[in-house]
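This report describes selected local features of one model.

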Amino acid sequence: MSPPPIIAPSILSADFAALGKACSDTIDHGATWLHVDIMDGHFVPNMTFGAPVVTKIRPHVQRPSTAYGIGTFDCHMMIAEPKKWVKDFQKAGCDLYCFHYEAAINSTAAENPADHSESRTSPRDMVRYVHEQQMLAGIAIKPETPVDVLWDILDNADKEEVPDMVLVMTVHPGFGGQKFMASEMPKVRALRDRYPNLNIEVDGGLSEATIGQAAEAGANVIVAGSAVFGAKDPADVISKLKRAVESRR
């Protein structure tokens, strides 16, 4: 049996004029996590917000009492230099720092935003570094990235270098409201077949209409933005998404 369902509404679709309340209301509606999309305008062609906003919304949602628990801030780092921002987001209240594989193989090992380094980082180095900062570590892949690049990382005998979650993007990262890409489901199936206990997240175009495909493939962490925040009854949508995953475990 795969891990339990986790519904992580993306606050990118929330009302930014009342973001703290939107976050607390969403947890009250039954969400497990909050998915926090961080974009830098370099790794993706869009910008959202940074650590100061996370700092401001953190008091509106109680910190999880256990790993993966209710209230987890799942920060999806769509940024070109992921290692530079680990400490800032840890201080801001991030619980799970999910960086992109594509960034980790092309970025520096500098540990602060103002620093420069000739050394390069790597996915394994990134996972270890995030764990050292007392956060869970996630690794994300874009649609154009084959899933088998993750095998060596996930099969590592050193558990400090093994991610706690894999995010399979089901849209091209950078903008909300895109159409779900069913073409990415074989990646999810391959991950679930190899790693039955792994938390596998899908992000992009998830709704009541598409949740069945993701759940059948083996995803248990579901990111939904407009489907939740645009709903007349967000609690009902969250409940339906959760039941769809639970029924296919």
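## Largest pocket

The lining of the largest pocket consists of 11 nonpolar, 12 polar and 2 charged residues; here Ala, Val, Leu, Ile, Met, Phe, Trp, Tyr, Cys and Pro count as nonpolar, Asp, Glu, Lys and Arg as charged, and the others, Gly among them, as polar. The pocket holds about 300 Å³ of space. Of its 25 lining residues, G176, G177, D203, G204 and G205 are the closest to the centre. Two or more lining residues come from each of strand 2 (33-39), strand 3 (72-78), strand 8 (221-224) and helix 9 (226-229).

A pocket is an open set of points on a 1 Å grid over the protein atoms alone, where a 1.4 Å probe fits, with protein on both sides within 12 Å along at least five of seven lines; lining residues have an atom within 4 Å of a point. Its volume is the space filled by probe spheres set on the points, which are joined across faces, edges and corners.

## Basis of the values

The model is predicted: local features need pLDDT of at least 70 and side-chain atom pairs pLDDT 80 or more, while totals for chains, interfaces and linings use all residues. Residues are numbered from 1 along each chain as its sequence is written, and side-chain values use heavy atoms, without hydrogens and water.

Helices (H or I, at least four residues) and strands (E, at least two) are DSSP runs numbered from the N terminus.

## Helix 7

Helix 7 (residues 185-194) has M185, K187, V188, L191 and R192 buried, that is, under 20% relative accessible area with a 1.4 Å probe and protein chains only (exposed is over 50%, partly exposed in between). These buried residues fall within an arc of 155° seen down the helix axis, so they line one face of helix 7; the arc is taken from the directions from the axis to the C-beta atoms. Their cover includes strand 5 (136-141), helix 6 (151-154) and helix 8 (211-217), contact meaning heavy atoms within 4.5 Å.

## K83

K83 sits in the loop between strand 3 and helix 3 (86-92) and is buried, at 6% relative accessible area. Its side chain makes a polar contact of 2.9 Å with that of D125; such a contact is a pair of N or O atoms within 3.5 Å, one able to donate a hydrogen and the other to accept it.

## Positive phi

Y68, in the loop between helix 2 (51-57) and strand 3, has a phi near 70° and is partly exposed at 29%. Q134 has a phi near 65° and is exposed at 66%.
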